[in-house]
Amino acid sequence: MDWSEIMLKEQMSFSGNLGMKFNRIDKECVELELVIQEKHLNYVGIVHGGVLSSLMDQAMGTLVGAIKGRLGVTTHLNVNFLHAAKAGAIRTYAYPVHETFRTMTCRAEVRDSNDELCCVATGTFRLPRE
C-alpha cells in the first residue's frame, strides 16, 4: 500500500477539508490531530458531533489499512459523547480490538487539549474481496 498516495488523496477529500493531520500510523495505534476552528463548532459553540465521529472513523479506518495492508469500509460505527470539546487541538487515537480475514473491529477516543476524554467509539470495517 502506498501511504504517500493515500495521504495525498486524503488531503484532497473530506478529511483534508476538515483539517485533520496524522501524527502516527502503525499497527498498534493511529493518532490524528485537529486544531479546532469556528467551522467545526455547532450552534452552541462546541465541536459538532459529526466532526468528532468523522475523526474517529478516519483514525480507525486508517488503522485497518495499516494492519491489513488494504483499505476497507465502515459497516458499523457506535459513538458515545462524554465531554464537550471547545477550543485548541483535539487528538484522536484508534486501537485494534478484533480481526478476521475480511472484517476488523477497532476502538477510538478523542481527547481535548487538557487530555479530557471527549468521546469514544467502536467501529467495524469490511475489507473487499481480493
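Me: In what order do the elements of the chain run from the N terminus on?

Reply: Helices (H or I, at least four residues) and strands (E, at least two) are DSSP runs, numbered from the N terminus. Here the order is α-α-β-β-α-β-β-β-β, which amounts to 3 helices and 6 strands. The model is a predicted one: local features require pLDDT of at least 70, side-chain atom pairs count only at pLDDT 80 or more, and totals for chains, interfaces and linings use all residues. Residues are numbered from 1 along each chain as its sequence is written, and side-chain values use heavy atoms, with hydrogens and water left out.

Me: What share of the contacts in the chain with a separation of 6 or more comes from residues 24 or more positions apart?

Reply: A contact means heavy atoms within 4.5 Å. Of the contacts with a separation of 6 or more, 62% belong to residues 24 or more positions apart.

Me: What percentage of the residues in the chain is buried?

Reply: Buried means under 20% relative accessible area, exposed over 50%, and partly exposed in between (1.4 Å probe, protein chains only). In this chain, 41% of the 130 residues are buried. Gly 50, found in helix 3 (residues 49–68), is classed as partly exposed because its relative accessible area is 33%.

Me: Which strand pairs with strand 1 (residues 21–25), and over how many bridges?

Reply: Two strands pair if DSSP finds at least two bridges between them. Strand 1 pairs with strand 2 (residues 30–35) in the antiparallel sense over 4 bridges, and a hairpin of 4 residues joins the two. Within this pair, Phe 22 stands opposite Leu 32, while Arg 24 has Glu 31 as its bridge partner.

Me: Which strand is joined to strand 2 by 6 bridges?

Reply: Strand 4 (residues 89–99) is the antiparallel partner of strand 2 over those 6 bridges. One of the residue pairs is Val 30 with Ala 94 in strand 4.

Me: How many bridges join strand 4 to strand 5 (residues 103–111)?

Reply: There are 8 bridges, and the two strands run antiparallel. They form a hairpin with 3 residues between them, and Thr 92 stands opposite Val 110 in strand 5.

Me: Which residue of strand 6 is the bridge partner of Val 110?

Reply: The partner is Cys 119. Strand 5 and strand 6 (residues 117–126) pair in the antiparallel sense over 9 bridges. Their hairpin has 5 residues between the strands, and Asp 115 in the turn has a positive phi of about 65 degrees.
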